[in-house]
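Please keep the sequence and the three-dimensional view at hand while working through them.

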Amino acid sequence: MASSSSSSSPFTLPSLFAIAVLILTISTAESLKSPFHPRDLLPLLPKQVSWPILNSLYGAADLLPTFIGTASPGNDDVKWKGACFYENTAYLEFHNKSGSEFGGGTLHIKADKAHSWTCMDLYVFATPYRVTWTWYFISRAHTVEFPEWDGLAEYEYVKNKGVSIFLMHAGMLGTLQALWDSSNLAFLEKHMGAEFEARPEPWVTNATTDQIQSGDLLAISKIRGRWGGFETLEKWVSGAYAGHSAVCLRDSEGKLWVGESGNENEKIALLPLHPDMRAKFNVTAAWEYARSMEGKPYGYHNLIFSWIDTVSENYPPPLDSHLVASFMTVWSKMQPDYAANMWNEALNKRLGTEGLDLSDVLVEVEKRGSSFDKLLAIPEQDDWIYSDGKSTSCIAFILEMYKEGGLFGSLADSVQVTEFTIKDAYMLNFFETNSSRLPKWCNDNDNVKLPYCQILGKYRMQLPGYNTMEPYTHMNEQCPSLPPKYNRPDNC
C-alpha cells in the first residue's frame with residue numbers, strides 16, 4: 001500500500017524538499033536586495049516543482065501580457081518598467097537591407113537596471129501580419145529584425161501604427177506552451193461545434209416539480225473542469241456571479257425539459273418567472289424557436305462581443321483592445337480555421353464587408369479613419385446570419401426565446417439580446433418578487449432564504465442586482481464593466 005501511494009504522488013521527497021527551500025529562500029529574498037533571486041529560476045525547474053510555487057506567487061492577471069506601447073518611425077518616446085529591467089526604451093528604424101520593394105525594419109530596445117543578476121524579461125512583438133517573441137537576460141542594447149515587410153499593407157500599417165510591444169512575466173513560456181497544447185486544441189475542436197440540447201435533468205426527478213414552469217431561468221456556475229476556465233473569463237470581464245445558463249420548458253404532455261449547451265453543473269439556481277411575465281409567455285412560440293435552433297452551433301462567432309460595449313471601459317487590467325488584437329493575431333496564425341469562426345465573420349459584419357481576414361480587417365479600419373477598439377464596441381445585431389446560421393451563446397439563446405415568447409413586448413425589435421451577458425439577464429425584472437410563491441422545497445436546509453431557489457451546489461449562489469432592471473431600448477449596448485465594482489450607469 002505504501003508503494004502504491006508513493007507512486008501516485010506527483011512529488012518525490014527531494015522535490016518537496018526543494019519546494020520548501022525555495023519558498024523559504026524567496027520569502028527571505030523579498031526583504032533583501034540580492035543579485036540572485038530564486039523566483040527568477042523557477043521557470044527552469046521541473047513543472048511539478050515550479051508550478052505550485054508560481055501559482056502561489058502570481059495572481060490570475062499575471063498570466064497575461066501587458067501592452068507597453070507601439071514603436072513607430074519618429075516615435076522614440078516608448079519607455080517602460082519591465083518585470084526584470086526597470087528602465088527600458090524602444091524605437092523603430094526603417095531600412096531596405098533586403099533590397100525588396102517595401103524594405104524592412106529594426107526594432108531597437110535598450111534594457112537597463114535589472115533588479116537581479118538572474119532575472120529576464122520576455123516580450124511579444126506583433127503587427128496584424130506577424131507575431132514574434134524573445135527574451136532579454138543581459139542589460140544592453142538589443143535588436144529585433146524585420147527583414148522584409150509583408151507587402152504594402154504591412155508597410156503602411158507599421159509606418160502609421162508601429163509594432164506593438166507586450167511584456168510577459170518570467171515563466172510565462174510554459175503557460176504559452178500549455179495554451180497551444182494539443183489536448184487543449186483537441187478539446188476546442190470537440191466543443192466549438194457544441195449544439196443546444198433539450199434533455200431531462202437528473203435533479204428534477206428528485207424534487208417536487210409542479211411549480212417549475214416554462215420560461216423559468218436556470219443560472220449555473222461551474223467551478224472545476226475545462227469549461228470552468230471559460231466561465232471564469234465570463235465572470236471576470238462582466239462581473240457576473242454565474243457563468244452559464246439554461247431554460248425550463250414543458251412540452252405538450254407536461255413533461256419538463258431543460259434547454260442548455262454544456263453540462264457538468266456544480267451550482268444551479270432556479271429563477272422562476274413572475275406570474276405576470278408567465279402569463280405573457282407564449283410557450284408555443286418559445287418551443288418553435290428552440291426547435292429552429294436544434295443542430296445549430298454554439299455562439300462562438302459573437303461570444304466576446306457581448307461584454308465589449310465601450311472603447312476602453314470593458315477590459316479588466318491588464319486586458320485592453322491592443323492585447324485582444326494581438327491575441328487574435330497569434331490565434332489566427334496558429335489556428336486560422338478557428339479564428340475565422342470566432343471573430344473574422346463578426347468583424348466583417350461590423351464593417352459591412354465579406355471575406356476579410358484579420359489582417360485585412362485591421363487595414364480596412366485604418367483606411368476608414370477608425371480604430372480597432374471602436375470596431376469591437378459596435379453592437380451585435382440579433383438578425384445577423386453567419387455562414388452556419390444564427391449565432392447565440394447560452395444566454396442569448398434563452399433571451400431570444402423570451403423575445404419570441406413576448407416577454408420584451410414592444411421593445412423586442414429595439415433590444416439586441418446578443419449584447420447581454422448572463423449578469424444582464426438575471427438583472428431583468430422578469431422574475432418572482434414574492435417569496436411565498438416560490439416552490440415549497442425552495443432553499444431547503446439553508447438558513448438564508450434567497451429570493452430564488454438554489455437547487456444544487458455546496459456553496460450558496462449570490463446574484464447581486466437580481467430582478468431589478470426594467471428593459472429599455474438599446475439595452476446593454478454601451479455599458480462599462482470595470483472591476484472591482486463593475487458600476488453600471490443608468491440606461492447604458
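**Exercise 1. Determine which residues of H12 are buried, and describe what follows this helix.**

Solution. The buried residues of H12 are Leu358, Ser359, Val361, Leu362, Val363 and Val365. The model is a predicted one. After H12 comes Gly369, and the phi of Gly369 is positive, near 70°.

**Exercise 2. Describe how H11 and H12 are arranged relative to each other.**

Solution. 

Step 1. Locate the helices: H11 covers residues 336-351 and H12 covers residues 358-367. Their axes come within 10 Å and cross at roughly 25°.

Step 2. Classify the angle. Angles under 35 degrees count as roughly parallel. H11 and H12 are therefore roughly parallel to each other.

Step 3. State the handedness: the crossing of H11 and H12 is left-handed.

Step 4. Identify the residues that meet. H11 contributes Trp343, Asn344, Leu347, Asn348 and Leu351, while H12 contributes Leu358, Val361, Glu364 and Val365. Sorted by class, the contact of H11 with H12 has six nonpolar, two polar and one charged residues. Among the H12 residues in this contact are Leu358, Val361 and Val365, which also belong to the buried residues of H12.

**Exercise 3. Describe the crossing of H9 and H14, and state which elements the buried residues of H9 pack against.**

Solution. 

Step 1. H9 comprises residues 283-292 and H14 comprises residues 394-404. The two axes come within 8 Å, and they cross at roughly 140°.

Step 2. Angles over 145 degrees count as roughly antiparallel, and 65 to 115 as roughly perpendicular, with the rest between these cut-offs counted as oblique. H9 and H14 are therefore oblique to each other.

Step 3. The crossing of H9 and H14 is right-handed. On the H9 side the contact is made by Ala285, Ala286, Tyr289 and Ala290, and on the H14 side by Phe397, Glu400, Met401 and Glu404. The residues of this contact divide into six nonpolar, no polar and two charged.

Step 4. Turn to burial. In H9, the buried residues are Ala285, Ala286, Trp287, Tyr289 and Ala290. The buried residues of H9 pack against strand S11 (244-250), strand S12 (256-260) and H14.

Step 5. Examine the N-terminal end of H9. Asn282 caps this end, with a side-chain oxygen 3.2 Å from the backbone nitrogen of Thr284.

**Exercise 4. Decide whether Ser245 is buried or exposed, and list the residues that Ser245 touches.**

Solution. 

Step 1. Ser245 is part of strand S11.

Step 2. The relative accessibility of Ser245 is 1%. Buried means under 20% relative accessible area, so Ser245 counts as buried.

Step 3. Leaving aside residues up to four places away in sequence, Ser245 touches Leu217, Leu218, Ile220, Glu260, Cys394, Ile395, Ile398 and Ile422.

Step 4. Consider one of these partners, Cys394. Ser245 and Cys394 are 149 residues apart in sequence, yet their C-alpha atoms are 5.9 Å apart in space. For the chain as a whole, 71% of the contacts between residues at least 6 apart in sequence join residues at least 24 apart.

**Exercise 5. Describe the surroundings of Thr310.**

Solution. 

Step 1. Thr310 lies in the loop between H9 and helix H10 (321-334).

Step 2. Thr310 has 12% relative accessibility and therefore counts as buried.

Step 3. A polar atom of the Thr310 side chain lies 2.8 Å from the backbone nitrogen of Glu313.

Step 4. Not counting residues up to four places away in sequence, Thr310 touches Tyr315, Ala377, Gln478, Cys479 and Pro480.

**Exercise 6. State how many helices and strands the chain has, and what share of its residues is buried.**

Solution. The chain has 15 helices and 14 strands. Of its 492 residues, 50% are buried.

Methods
Residues numbered from 1 in each chain as written. Predicted model: local features only at pLDDT ≥ 70, side-chain atom pairs only at ≥ 80, totals over all residues. Heavy atoms only, no water. Axes fitted to C-alpha atoms, helices over the stretch in contact; angles between N-to-C directions. Helix = DSSP H or I, 4+ residues; strand = E, 2+ residues; numbered from the N terminus. Left-handed = near helix turned anticlockwise from the far one by under 90°. Contact = heavy atoms within 4.5 Å. Nonpolar A, V, L, I, M, F, W, Y, C, P; charged D, E, K, R; others polar. Buried < 20%, exposed > 50% of the residue type's maximum accessible area, 1.4 Å probe, protein only. Polar contact = N/O pair within 3.5 Å; in protein donor to acceptor, adjacent residues only side chain to side chain.
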